[in-house]
Amino acid sequence: MIEVTGLSKRYGDKLAVDSLTFQVRPGTVTGFLGPNGAGKSTTMRMILGLDAPTAGTATVNGRPYADHPAPLREIGALLEAKAVHTGRSARNHLLALAATHGIGRHRVDEVIDLVGLHEVAGKRAGGFSLGMGQRLGIAAALLGDPRVVMLDEPVNGLDPDGIRWIRDLLKGLAAEGRTVFVSSHLMSEMAQTAEHLIVVGRGRLIADVSLAEFTRRASRATVRVRSPQATALRDVLAGPTVAITGGEPGLLEVTGLTREQVGERAAAAGLTLHELSATEASLEEAFMTMTRDAVEYAGTSEGNPR
Ligand SMILES: Nc1ncnc2c1ncn2[C@@H]1O[C@H](COP(=O)(O)OP(=O)(O)OP(=O)(O)O)[C@@H](O)[C@H]1O
């Protein structure tokens, strides 16, 4: 469990994180979603004790990171993707890390297998591709068999295979009952990985919702209906909670009624339909609407209006 309470971070004039309060619970993948510059990395650094909060607290399994006698066993983290500049092999890199944390060699072999680096474990880690480097970073994060796993934008720059691998790994870790917290600026990515979302914009909490609830809120369906009797159809569909627009002759776009309701009302009035379809606002659109104010504000304040 990660608990963040009234957490703020100020850099000079800039309030990068603004009174954030949320909990990340075990057993599910929680997505930390927000546009670039929303404060996700800063929040994660404070959770790891790498940055001191201006106000508020962040705890991992009930204590600040630094108060854990063996923090690597509590939380494994991968911050920004960066190459390992080392002449050591992947295995020796992990062995060195394990040795400084009192972790046995056996666990090193386990994590190498877990992340699929077995065949290249003897190769120089400095020469790894981005995808291999990510796997090595994740192996390092998992060395202490931590109950909490936190990854900052782990799929950035990865190919589709790498992305799928990370998704499956995160879901597997959550299914084992671990707390999994993963950041992204892409709603489409989170929709395929996370069950719960913490959405931030301009350092502030915008939403703390299940993916199911987010999707439900996003699905303001519009019904497209085409009829040679569009004028009569418009009269049949009109109502106080119904909005109808018509882009071209014979076409109506209706919100406030389901596709079934539109079809039934048309049939009851004996009107002919040539098309009847529903389109939902995409999750990406819903996310952009949700964070628009935050982005606009940031753009204006930096003299770069969008
Ligand atoms: N060390 C620092 N000094 C000054 N400003 C900083 C520092 N670190 C972050 N910031 C600023 O704080 C804000 C939040 O940055 P942060 O990196 O946490 O956002 P993010 O949501 O992780 O974005 P991204 O997806 O672009 O990494 C940004 O405006 C950033 O420029």
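Which residues are buried in helix 6? In helix 6, the buried residues are I166, L169, L170, L173 and A174. Burial here requires 20 or more other C-beta atoms within 10 Å of a residue's own; 12 or fewer make a residue exposed, anything in between makes it partly exposed, and C-beta atoms are placed from the backbone. Seen down the axis of helix 6, the buried residues fall within an arc of 130°, so they line one face of the helix; the arc is that of the directions from the helix axis to the C-beta atoms.

The model is predicted: local features need pLDDT of at least 70, side-chain atom pairs count only at pLDDT 80 or more, and totals for chains, interfaces and linings use all residues. Residues are numbered from 1 along each chain as its sequence is written. Helices (H or I, at least four residues) and strands (E, at least two) are DSSP runs, numbered from the N terminus.

**Helix 6**

The 16 residues of helix 6 (residues 160–175) should span 22 Å at 1.5 Å a residue, and its end C-alpha atoms are 22 Å apart, which agrees. The expected span is 1.5 Å times one less than the number of residues. The buried residues of helix 6 pack against strand 3 (29–33), strand 6 (148–152), strand 7 (179–184) and helix 7 (187–193); contact requires C-beta atoms, placed from the backbone, within 7 Å. On the face of helix 6 turned away from its buried side are the exposed residues P160, D161, D168 and A175. G177, with a positive phi near 95°, follows helix 6.

Around the ligand stand Y11, K14, A16, G34, N36, G37, A38, G39, K40, S41, T42 and H185, where a residue is near a molecule if its C-beta atom, placed from the backbone, lies within 6 Å of it. Three residues of this shell are nonpolar, seven polar and two charged. In this division, Ala, Val, Leu, Ile, Met, Phe, Trp, Tyr, Cys and Pro count as nonpolar, Asp, Glu, Lys and Arg as charged, and the others, Gly among them, as polar. Strand 2 (14–24) and helix 1 (40–47) each supply at least two shell residues, and helix 1 gives the largest share, three residues.

Six of the eight residues of helix 1 are buried, namely K40, T42, T43, M44, M46 and I47. Just after helix 1, G49 has a positive phi of about 70°.

**Nonpolar cores**

In soluble globular proteins, nonpolar side chains tend to be buried together. The largest nonpolar core has 63 residues, and L94, A139, L143 and M150 have the most contacts inside it. Such a core is a set of buried Ala, Val, Leu, Ile, Met, Phe, Trp, Tyr and Cys residues joined through C-beta atoms within 7 Å. Helix 5 (residues 130–142) supplies the largest share of this core, seven residues. Apart from it lies another core, of nine residues, including V223, V225, L237 and V254.

**Two residues compared by position**

T231 is located in helix 9 (residues 230–237), and R259 in helix 10 (residues 259–268). T231 is exposed, with 11 other C-beta atoms within 10 Å, whereas R259 is partly exposed, with 17. R259 touches V223, L276 and A278, not counting residues up to four places away in sequence. The table lists a C-alpha to C-alpha distance for each residue.

| Pair | Apart in sequence | C-alpha to C-alpha |
|---|---|---|
| T231 and G250 | 19 residues | 8.1 Å |
| R259 and M187 | 72 residues | 27 Å |

Definitions and conventions. Contact = placed C-beta atoms within 7 Å.
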